[in-house]
Amino acid sequence: MTVVALSGIRGGVGTTSVVAGLGFALHLLQQRVLMIDLHPRNLLRLHCNLALDAEQGWASVDQDAEGRWNEALLQVVEGLYLLPFGQLSAAELGALAQRQQTQPQEWPQRLQSLQAHFDWILLDLSATQPAGQAALPLLPEATLRVRVVETDAACHALLSTEGAGDDLLLVNRFDPISQLQRDLLLLWGERHAQLIPQVIHRDEAMAGALAWKSPVGHYAPDSLASHDVRSLATWLLAQEVQRV
Amino acid sequence: MTEDERKLHSDDIARLKQRLGDEDMPYQDISREGELLAACRRWPLLAESEGWSSDHDVTPTQVSHKAPNL
């Protein structure tokens with residue numbers, strides 16, 4: 001089993017839509033996939049056709065009865081599963097953050113217990129916070145960390161000042177018509193060895209997917225973004241074959 | 001000539017290095033360097049992140065620690 005943690009280098013780079021698209025693409029490659037929403041905004045569920053007012057998720061179930069987080073697990077289609085975050089109040093979110101600090105091993109243990117059932121577990125995380133405001137749960141060491149970036153000046157500034165450590169960089173919404181985006185992709189290709197060679201192009205299909213409440217590969221299988229995400233899934237599979 | 005030998009001989013850069021007698025000569029992609037240079041000329045932010053001084057016209061100077069009077 002491979003755990004892939006995806007987070008934006010800043011908010012609004014389209015991480016959740018990438019997680020949903022990638023989960024579906026890996027599913028099409030006959031992989032057993034679980035997508036876990038670790039983002040309190042709880043939006044990943046909408047890519048899986050859950051209702052706007054559907055409140056259940058691992059965090060909300062856990063509030064009611066500790067240790068029963070996995071009761072919120074949903075099957076999207078055979079072999080593709082979703083664990084929504086759930087709807088929490090501000091006070092409940094505070095309590096959850098506190099518990100994550102006192103019990104940091106919680107998620108590594110949970111992922112361990114899921115290991116036998118899935119080939120891939122994709123985590124949708126909130127955008128990285130500036131250092132010192134870490135709100136992310138602790139993850140197993142072997143986690144493949146992917147930072148989603150857009151080829152724009154803000155992401156470049158953050159990459160220059162904060163860096164991305166050893167995390168893989170995934171370019172989303174790439175528009176080759178833009179001189180600036182071409183320039184940034186060229187520069188990043190030279191300076192960041194961890195840049196994933198497959199970019200996801202800017203494509204209206206990606207925006208439509210959420211409005212259509214499905215992953216992009218289901219909403220518009222022949223779109224450019226769908227092809228990109230499928231190639232990305234194949235690339236990840238090839239990486240795993242090499243790693244094992 | 002075997003397939004491997006053919007591949008070896010079709011590598012122009014390796015052959016050029018052999019001819020020049022310097023196997024350790026670092027290979028520089030000149031066209032790529034040029035493109036990077038052009039990119040940094042176009043965008044001061046890129047130039048700055050690459051450690052080049054940008055020749056931007058307007059740079060704010062520190063005038064006072066107090067908020068400006070409006």
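Two residues are in contact if their C-beta atoms, placed from the backbone, lie within 7 Å. By this criterion, and leaving aside its neighbours within four places in sequence, A:L123 of the predicted model is in contact with A:V3, A:V4, A:A5, A:L6, A:I36 and A:L38. A:L123 also belongs to the largest nonpolar core, which has 56 residues. Together with A:L6, A:L22, A:M35 and A:L122, it touches the most other members of that core. Helix α1 of chain A, residues 15-28, gives the most to this core, namely 7 residues. Another core, of 5 residues, lies apart from it and includes A:L184 and A:L187 as well as B:C40 and B:L46. In soluble globular proteins, nonpolar side chains tend to be buried together.

Chain A contains 9 helices and 7 strands. Its radius of gyration is 17 Å, whereas the globule rule gives 18 Å for 244 residues; the two values are close, so chain A is as compact as a globular protein of that length. Taken along the principal axes, the box filled by the C-alpha atoms of chain A is roughly 55 × 40 × 40 Å. Of the 244 residues of this chain, 39% count as buried. Contacts in chain A were also sorted by separation in sequence: among those between residues at least 6 apart, 71% join residues at least 24 apart.

An open sheet of 7 strands is found in chain A, with mixed pairing and the order β3-β4-β2-β5-β1-β6-β7. The edges are formed by β3 (74-77) and β7 (168-171) of chain A; each has a single partner strand, so one side of each is left without a neighbour in the sheet. From one strand to the next, the twist averages 25°. Strands of a sheet pair through backbone hydrogen bonds, either parallel or antiparallel. The parallel sense is seen between strand β2 (residues 33-37) and strand β4 (residues 80-83) of chain A, which pair over 4 bridges. Within this pair, A:M35 has A:L82 in β4(A) as its bridge partner.

Chain B has 4 helices and 0 strands, and its pattern along the sequence reads α-α-α-α. Of its 70 residues, 4% count as buried.

The contact between the chains takes 10 residues from chain A and 8 residues from chain B. On the side of chain B that touches chain A, α3 (30-42) and α4 (44-49) each supply at least two residues. The largest share of that side, 4 residues, comes from α3(B). By residue type, the side of chain B that touches chain A divides into 5 nonpolar, 1 polar and 2 charged residues.

One residue of chain B can be followed in more detail. B:S49 lies in helix α4 of chain B. When residues up to four places away in sequence are not counted, B:S49 touches A:H156 and A:S160. B:S49 has 17 other C-beta atoms within 10 Å. A residue is buried at 20 or more such atoms and exposed at 12 or fewer, so B:S49 is classed as partly exposed.

Notes. Residues numbered from 1 in each chain as written. Chains lettered and ligands numbered in written order. Predicted model: local features only at pLDDT ≥ 70, side-chain atom pairs only at ≥ 80, totals over all residues. Pairing = 2+ DSSP bridges. Axes fitted to C-alpha atoms, helices over the stretch in contact; angles between N-to-C directions. Core = buried A, V, L, I, M, F, W, Y, C linked by C-beta atoms within 7 Å. Rg over C-alpha atoms; globule rule 2.2 N^0.38 Å. Nonpolar A, V, L, I, M, F, W, Y, C, P; charged D, E, K, R; others polar.
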